[in-house]
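Subject: The structure you asked to look through

Hello,

Here is the structure I promised to hand over. Please open it first, and then read on for what I found.

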Amino acid sequence: LKHVTCYIRLKDGDIKNINNLPGNSVGELIISAQYLALGYLNKENLSSEKFFINNEGKRCYSTGDIVE
C-alpha cells in the first residue's frame with residue numbers, strides 16, 4: 001500500500017520497521033499511514049492508548065495484533 005509503513009513493537013518496547021527485522025521477530029503490529037485518523041471520536045482515553053507519534057514524527061496506530 002502506498003504511504004503505509006508497518007512496524008513491530010518488540011517485547012522490550014522498542015519499535016522497529018518491519019522490513020528491517022529478522023524473520024523470527026515477534027511483537028505487536030503498529031501501522032503508520034499518511035491519512036491515519038487522529039483518534040477515536042469522543043474516546044480520548046482509548047485514542048491516547050492506541051494513537052501516538054513515533055520517534056520519526058509519524059502518527060502511528062497500535063493494532064493490538066501480535067505478528068511474527
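Before the sheet, one term: two strands count as paired if DSSP finds at least two bridges between them. Please also keep in mind that this is a predicted model.

Let me walk you through some of the pairings. Strand 1 (residues 4-9) and strand 3 (residues 27-33) are joined by six bridges in the antiparallel sense. If you want a place to start, find Y7, whose bridge partner in strand 3 is I30. Strand 3 is also paired with strand 5, again antiparallel, through five bridges. There, S32 stands opposite C60 of strand 5.

Strand 5 is joined to strand 4 as well, by three bridges, and these two strands run antiparallel. Strands 4 and 5 make a hairpin with five residues between them. In its turn, G57 has a positive phi of about 80°.

Next, have a look at E28, which sits in strand 3. Is E28 buried or exposed? Its relative accessible area is 15%, and the cut-off for buried is under 20%, so E28 counts as buried. Leaving aside residues up to four places away in sequence, E28 touches Y7, I8, R9, S62, T63, G64, D65 and I66.

One of those contacts deserves a second look. The side chains of R9 and E28 meet in a salt bridge, at 2.9 Å from N to O. R9 belongs to strand 1 and E28 to strand 3, so this pair ties together parts that are 19 residues apart in sequence. While E28 is buried, R9 is partly exposed, with a relative accessible area of 25%.

You will find G13 in the loop between strand 1 and strand 2, partly exposed at a relative accessible area of 41%. G13 and E28 are 15 residues apart in sequence, and their C-alpha atoms are 9.5 Å apart in space.

**The other salt bridges**

How many salt bridges does the structure hold? There are three. As background, side chains of opposite charge can pair when their charged atoms come close. Besides the pair of R9 and E28, the side chains of K16 and D14 meet at 3.3 Å, N to O. K16 is partly exposed at 35% relative accessibility, and D14 is partly exposed too, at 33%.

The remaining salt bridge is between the side chains of E56 and K58, at 3.8 Å, N to O. E56 counts as exposed, with 51% relative accessibility, whereas K58 is partly exposed, with a relative accessible area of 35%.

**The aromatic residues**

Finally, the rings. A search of the whole structure turns up three aromatic pairs. In one of them, the ring centres of Y40 and F51 are 5.5 Å apart and the planes stand at 80°, so the pair is edge-to-face. Y40 lies in the loop between strand 3 and helix 1 (44-50) and F51 in strand 4, so the pair ties together parts that are 11 residues apart in sequence. Y40 is partly exposed, with a relative accessible area of 32%, and F51 is buried, at 10%.

Y40 also pairs with Y61: their ring centres are 6.5 Å apart and their planes lie at 75°, so this pair is edge-to-face as well. Y61 is in strand 5 (residues 59-67) and Y40 in the loop between strand 3 and helix 1, so parts 21 residues apart in sequence are tied together here. Together, Y40, F51 and Y61 form one aromatic cluster.

Enjoy exploring it!

Best wishes

How values were computed: Residues numbered from 1 in each chain as written. Predicted model: local features only at pLDDT ≥ 70, side-chain atom pairs only at ≥ 80, totals over all residues. Heavy atoms only, no water. Helix = DSSP H or I, 4+ residues; strand = E, 2+ residues; numbered from the N terminus. Buried < 20%, exposed > 50% of the residue type's maximum accessible area, 1.4 Å probe, protein only. Contact = heavy atoms within 4.5 Å. Salt bridge = Lys/Arg side-chain N within 4 Å of Asp/Glu carboxyl O. Phe/Tyr/Trp six-rings, centres within 6.5 Å; stacked < 30°, edge-to-face > 60°.
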